[in-house]
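This report describes one protein model for a reader who has not seen it before. Please look over the sequence and the structure first, then read on.

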Amino acid sequence: LKAFGQAASHDAGAILVAQKDPSIDEPEEKDFYKVGTVCVIKQVTKTPDGTLTVMFEGVRRARIQSVTFTDGFFRADVVCKKMTLGTAAGLRADALLDELSRTLEEIQPIHPTLTDEVRMAAVAIRDPGLSADFTASAVLLNTRNKQAVLEVFNPLMRLEHLLVGSCRISTSWTTSRSMSVS
């Protein structure tokens, strides 16, 4: 909470990173992934029961260079990267987006969170990077697989990684499903 307050009072962003093991109550630097999302705090709301809800808007990916712990929260120096695609990427992007559409249609009947609305929203996104990010957040069930997609900065490579890489959505779901059944 202190970190959010500091970021808001200095018009600074916050970097959101996943914790490798959420069961650790007092994490140290080594307990966080090194790639996260720089966000702008859009709204902070306190509910009647005292719960604080914070709404963020993701701005871009960032790699953490160094971390310090002061005043009760972590501060990080980050390197932000934004990659844009040239016009030559069009055919490859279209092919990958079409493959994503086929894959989502194929796994939808057996996937617990892949509704018609989510599938149609993913297919409607024609930007390869945004499509990969949306699909990973909505369809991948394993935090490590989501993180693997987040760590790929190139938008085409990110979509390709989602489809054919180590976190391939069709096998990722099948593996998670078979592990939870046994």
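In strand β2, the residue that Ile15 has as its bridge partner is Val38. The model in which this pair is found is a predicted one. The pair belongs to the join between strand β1, residues 14-16, and strand β2, residues 35-46. Three bridges link these two strands, and they run antiparallel.

**Overall make-up**

The protein has seven helices and four strands. Along the sequence, the order of these elements is α-β-β-β-β-α-α-α-α-α-α. The chain has 182 residues, of which 31% count as buried. Among contacts between residues at least 6 apart in sequence, 51% join residues at least 24 apart.

**The strands**

Strand β2 also pairs with β3, again in the antiparallel sense, and here eleven bridges join the two. Lys46 stands opposite Leu52 of β3. Five residues lie between β2 and β3, which form a hairpin, and Gly50 in its turn has a positive phi of about 95°.

Strand β3 pairs with β4 as well, over nine bridges and in the antiparallel sense. Thr70 stands opposite Phe73 of β4. These two strands form a hairpin with two residues between them. The pairings are set out below.

| Strand pair | Bridges | Sense |
|---|---|---|
| β1 and β2 | three | antiparallel |
| β2 and β3 | eleven | antiparallel |
| β3 and β4 | nine | antiparallel |

Which residue in the turn between β3 and β4 has a positive phi? That residue is Asp71, with a value of about 55°. Most residues other than glycine have a negative phi. Asp71 is a residue other than glycine with a positive value. Asp71 is placed in the loop between β3 and β4 (73-81). Asp71 counts as exposed because its relative accessible area is 52%, and the cut-off for exposed is over 50%.

Ala62 sits in strand β3. Is Ala62 buried or exposed? Its relative accessibility is 0%, so Ala62 counts as buried; the limit for buried is under 20%. Leaving aside residues up to four places away in sequence, Ala62 touches Ile15, Lys34, Val35, Gly36, Val38, Val78, Val79, Cys80 and Phe153. Ala62 and Cys80 are 18 residues apart in sequence, while their C-alpha atoms are 4.3 Å apart in space.

**Two loop residues**

Asp21 lies in the loop between β1 and β2. With a relative accessible area of 34%, Asp21 is partly exposed. Asp21 and Thr143 are 122 residues apart in sequence, and the distance from C-alpha to C-alpha is 9.9 Å.

Gln108 is found in the loop between α2 (90-107) and α3 (116-124). Although placed in a loop, Gln108 counts as buried because its relative accessibility is 15%. The side chain of Gln108 makes a polar contact of 2.6 Å with the side chain of Asp116. Not counting residues up to four places away in sequence, Gln108 touches Leu114, Thr115, Asp116 and Arg119.

**The second largest pocket**

Rolling a probe the size of a water molecule over the atoms shows where empty space is left. The second largest pocket has a volume of about 590 Å³. It is lined by 23 residues, and those closest to its centre are Arg61, Gly129, Leu130, Asp133 and Arg158. Two or more lining residues come from each of β3 (52-70), α4 (128-139), α5 (143-150) and α6 (155-164). Which element gives the most to this lining? That element is α4, with six residues. By class, the lining of the second largest pocket holds ten nonpolar, five polar and eight charged residues.

**Helix α5**

At the start of α5, a side-chain oxygen of Asn142 comes to within 2.6 Å of the backbone nitrogen of Arg144. The buried residues of α5 are Asn145, Gln147, Val149 and Leu150.

Definitions and conventions
Residues numbered from 1 in each chain as written. Predicted model: local features only at pLDDT ≥ 70, side-chain atom pairs only at ≥ 80, totals over all residues. Heavy atoms only, no water. Buried < 20%, exposed > 50% of the residue type's maximum accessible area, 1.4 Å probe, protein only. Polar contact = N/O pair within 3.5 Å; in protein donor to acceptor, adjacent residues only side chain to side chain. Contact = heavy atoms within 4.5 Å. 1 Å grid on protein atoms, 1.4 Å probe; cavity = no way out; pocket = protein on both sides within 12 Å on 5 of 7 lines; lining within 4 Å. Points joined across faces, edges and corners; volume = space filled by probe spheres on them. Nonpolar A, V, L, I, M, F, W, Y, C, P; charged D, E, K, R; others polar. Pairing = 2+ DSSP bridges.
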